[in-house]
Amino acid sequence: MAASLIFTTEPLATRALAAEIRHDHVRFVAKLAEHVGAGRLGRFADVRAEHGDQKIDIALTFVEPGLVVGIEAKFDHTLTEDQVDRELTVADHLVVLLLEREHAPEWLPRKARVTLMTWEEALDCFPHSRLTLAEVGAARSGKSAVEARLRRLIEPAQQRLGSGWAIDSRRGGSGMPAINFYSPWIGDAQLRAVLQVAQRAMPPAGEPVPLRFSVGISVKADSTSYPRDSAKTPTWVDAVRRLQRDVIGDRVEDFHLSRRRPSSAHVNSKTENGRAHARKLAIVGHHFDDSERWLTTGYIDWIVGPASTRMPLEQVELLADALVEILDSWYRVEIEAFAGVES
């Protein structure tokens with residue numbers, strides 16, 4: 001009969017690991033020495049959970065010389081560079097503990113005094129551990145797995161788009177995994193896009209993970225991007241028209257684009273973004289037919305442009321290919337248009 005799972009959340013698992021270290025620290029301390037450097041650790045003195053003002057998950061204290069090694073364990077929550085920097089104010093060295101090495105953010109290898117360890121490596125130090133790898137694996141790790149899949153798209157996309165383009169894997173405002181694209185500046189405008197999980201929470205384990213992209217020209221929530229006179233033509237209108245005419249054409253399905261109209265619901269005219277949204281709707285109504293409004297989705301203070309249909313994670317490469325082709329072609333069109341204006 002298989003053992004029941006007990007430690008299946010970050011707090012439970014990290015406290016269980018701290019208890020294993022307290023019970024038999026020898027092998028684990030030897031593993032830490034590989035991270036910190038031979039001869040630096042000194043004599044093991046204590047282990048604590050939620051240590052210091054920064055609440056480091058686990059802290060091991062060594063004396064002769066004095067040294068604190070912190071362990072920050074992550075299953076599915078975002079590890080930020082700011083969090084690591086703050087934890088390094090109370091730890092001499094920080095070991096980030098992840099389910100898989102590929103779950104590490106791209107900036108992690110560049111951090112001084114920070115190294116990476118997997119849960120499997122940690123638990124191998126305890127031959128009779130009461131915390132099992134099966135329990136660690138049972139914890140939710142959906143975001144990290146999706147994030148790792150998305151990061152694998154960055155290098156080929158960068159190669160196709162070329163130098164000057166920026167691509168990162170910062171999570172969106174809802175904490176969902178995403179990769180973001182930024183073109184070189186074209187005058188005072190920029191092409192931008194995001195490929196992300198298409199909902200505000202991860203689906204239950206085993207259910208499909210939907211993704212989609214949004215692509216557009218940069219805007220701000222101000223009267224330049226959204227003039228009060230809807231008959232005026234802000235620059236994004238012309239850019240979206242060039243996208244429609246010179247890039248998309250009759251290839252809406254090839255690019256997996258959605259023809260859903262942007263929603264006009266929940267426009268709060270009491271906020272800056274709400275007022276900008278109201279002005280945008282008036283501009284779209286003046287310059288675009290009802291059948292074309294799908295070209296003007298996006299985020300009111302970030303981009304105006306189309307969005308893709310939702311597709312499962314297993315087909316994310318198709319979405320990424322379509323998005324990169326749109327960005328590459330549209331950028332060339334915008335550069336040509338800008339050169340014509342300048343001349």
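Leaving aside its neighbours within four places in sequence, with which residues is Phe213 in contact?

1. Phe213 is in contact (heavy atoms within 4.5 Å) with Val194, Leu195, Phe255, Leu257, Pro306, Ala307, Ser308, Leu319, Ala322, Leu323 and Ile326, when neighbours within four places in sequence are left aside. This is a predicted model, in which local features need pLDDT of at least 70, side-chain atom pairs count only at pLDDT 80 or more, and totals for chains, interfaces and linings use all residues. Residues are numbered from 1 along each chain as its sequence is written, and side-chain values use heavy atoms, with hydrogens and water left out.

2. Phe213 also belongs to the largest nonpolar core, which has 57 residues, and it is listed with Phe181, Leu195, Trp236 and Leu327 as having the most contacts inside that core. A nonpolar core is a set of buried Ala, Val, Leu, Ile, Met, Phe, Trp, Tyr and Cys residues joined through side-chain atoms within 4.5 Å, where buried means under 20% relative accessible area, exposed over 50%, and partly exposed in between (1.4 Å probe, protein chains only). Among the elements that each supply at least two residues are strand 9 (210-218), helix 8 (235-248) and helix 10 (316-342), and helix 10 gives the most, with 11 residues. Helices (H or I, at least four residues) and strands (E, at least two) are DSSP runs, numbered from the N terminus. Apart from this core lies another, of 31 residues, including Ile21, Leu60, Phe62 and Leu99.

3. Leu60 also has a place in a sheet, for its bridge partner in strand 3 is Val69. Strands 2 (56-63) and 3 (67-73) pair in the antiparallel sense over 5 bridges, pairing being assigned if DSSP finds at least two bridges between two strands. The open sheet has 5 strands in the order 1-2-3-4-5, with mixed pairing. Strand 1 (43-51) and strand 5 (114-118) stand at the edges with a single partner strand each, so one side of each is left without a neighbour in the sheet.

4. Two aromatic pairs deserve a look; rings of Phe, Tyr and Trp (its six-membered ring) pair if their centres lie within 6.5 Å, and planes under 30 degrees apart count as stacked, over 60 as edge-to-face and the rest as tilted. Phe28 and Phe126, both buried, are stacked, at 5.8 Å centre to centre and 25 degrees between the planes. Trp165 and Tyr331 are edge-to-face, at 5.5 Å and 70 degrees, and both are buried.
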